[in-house]
Amino acid sequence: MRLLIAGVLTLAMVTLASSQTTNQKVSEASKDEQELKQLEDEWLNTYLRGDRATFDRIVADDFTGTDESAVLRNKAQEKELVQAPPPGGIKVSLTNEDVQVRIYGDTAIVTGRIVQKAERAGQDSFGFQSRFTDTFLKRQGRWQVVARHYSRIPLERTAIKVDPKIYDAYVGEYEIAPGIVLHVSKEGDKLMSQTTGQPKAEMFPESEMGFFVKGIPAQFIFIRDEKGQVARMIVLQDGRTISMKRIK
């Protein structure tokens, strides 16, 4: 009888210890999941705030990213896309949705959607969505992203009718980078664009300030300064916001 009681007590203690271990693992996994979701939100917002310090904390030095145009970037190249908020009263928002986390020891795979919108004066302009797959590694107790791949969710682009006279204010040259310029011209009732070394392409209006070019997954937004003059162009592409100053 004593042996039976001792055996039952031993089994109970083993079961309790096993239960505690399982609960601890579940708790740790839940904590990691919440941390990874938070890191995804913090990382995404670095592109809106120009917050390179937070970017450096979350993105590993050996990071590689592949965007929807199949362009491969390392950390330094990706960091160049982290810019200060664009001027001109336009509000750009980025949010993560449908985020799912799978953890395999010190490796985690995070998937979800990025929803990007641009608006001005409280009026929705346009936006797009992308799906992403990120790989995080836990090193020395800290999660960092080492790889990202994302692709644009197909968007139905619809041109609206606008008065072609508004195009006159947009004609000019916008600097993409030193030696690389986007030329915007008006040909009849059409607004045309041409990047240095590239053929011309028509820009179709989605609003009076926002345009798209067929075959290019981007939105082009003309921004006016405090005097009402078009001073720059904002390009929303690959989940990034690029500001181009008007130089002519």
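Predicted model: local features only at pLDDT ≥ 70, side-chain atom pairs only at ≥ 80, totals over all residues.
Reader: OK, and where is confidence lowest and where is it highest?

Author: The lowest confidence is in α1, at a mean of 73, and the highest is in helix α2 (residues 52-58), at 97; pLDDT is the predictor's confidence in each residue, from 0 to 100. For the protein, the mean pLDDT is 85, and 83% of residues reach 70 or more.

Reader: How many helices and strands are there?

Author: The protein has 3 helices and 14 strands, which are DSSP runs numbered from the N terminus (helices are H or I, at least four residues; strands are E, at least two).

Reader: Switching to pockets, how much space lies in the largest one?

Author: About 960 Å³ of space lies in the largest pocket. On a 1 Å grid over the protein atoms alone, a pocket is an open set of points with protein on both sides within 12 Å along at least five of seven lines, a cavity is a set of points where a 1.4 Å probe fits but cannot get out, and lining residues have an atom within 4 Å of a point. Grid points are joined across faces, edges and corners, and a volume is the space filled by probe spheres set on the points.

Reader: Which lining residues are closest to the centre of that pocket?

Author: Of the 37 residues that line the largest pocket, I176, V235, Q237, I242 and M244 are the closest to its centre. Strand β14 gives the largest share of this lining, 6 residues, and the other elements that give two or more include α1 (2-49) and β13 (230-237).

Reader: How does that lining divide into nonpolar, polar and charged?

Author: The lining of the largest pocket has 20 nonpolar, 9 polar and 8 charged residues, where Ala, Val, Leu, Ile, Met, Phe, Trp, Tyr, Cys and Pro count as nonpolar, Asp, Glu, Lys and Arg as charged, and the others, Gly among them, as polar.

Reader: And what lines the largest cavity?

Author: The largest cavity, with about 30 Å³ of space, is lined by F63, G65, T66, D67, R73, E78, R148, Y150 and R240. By class, that lining has 2 nonpolar, 2 polar and 5 charged residues, and its largest share, 3 residues, comes from β1.

Reader: Is E78 buried or exposed?

Author: E78, in helix α3 (residues 75-79), is buried, with a relative accessible area of 2%. Leaving aside neighbours within four places in sequence, E78 is in contact (heavy atoms within 4.5 Å) with Y47, F55, F63, R73 and R240.

Methods:
Residues numbered from 1 in each chain as written. Heavy atoms only, no water. Buried < 20%, exposed > 50% of the residue type's maximum accessible area, 1.4 Å probe, protein only.
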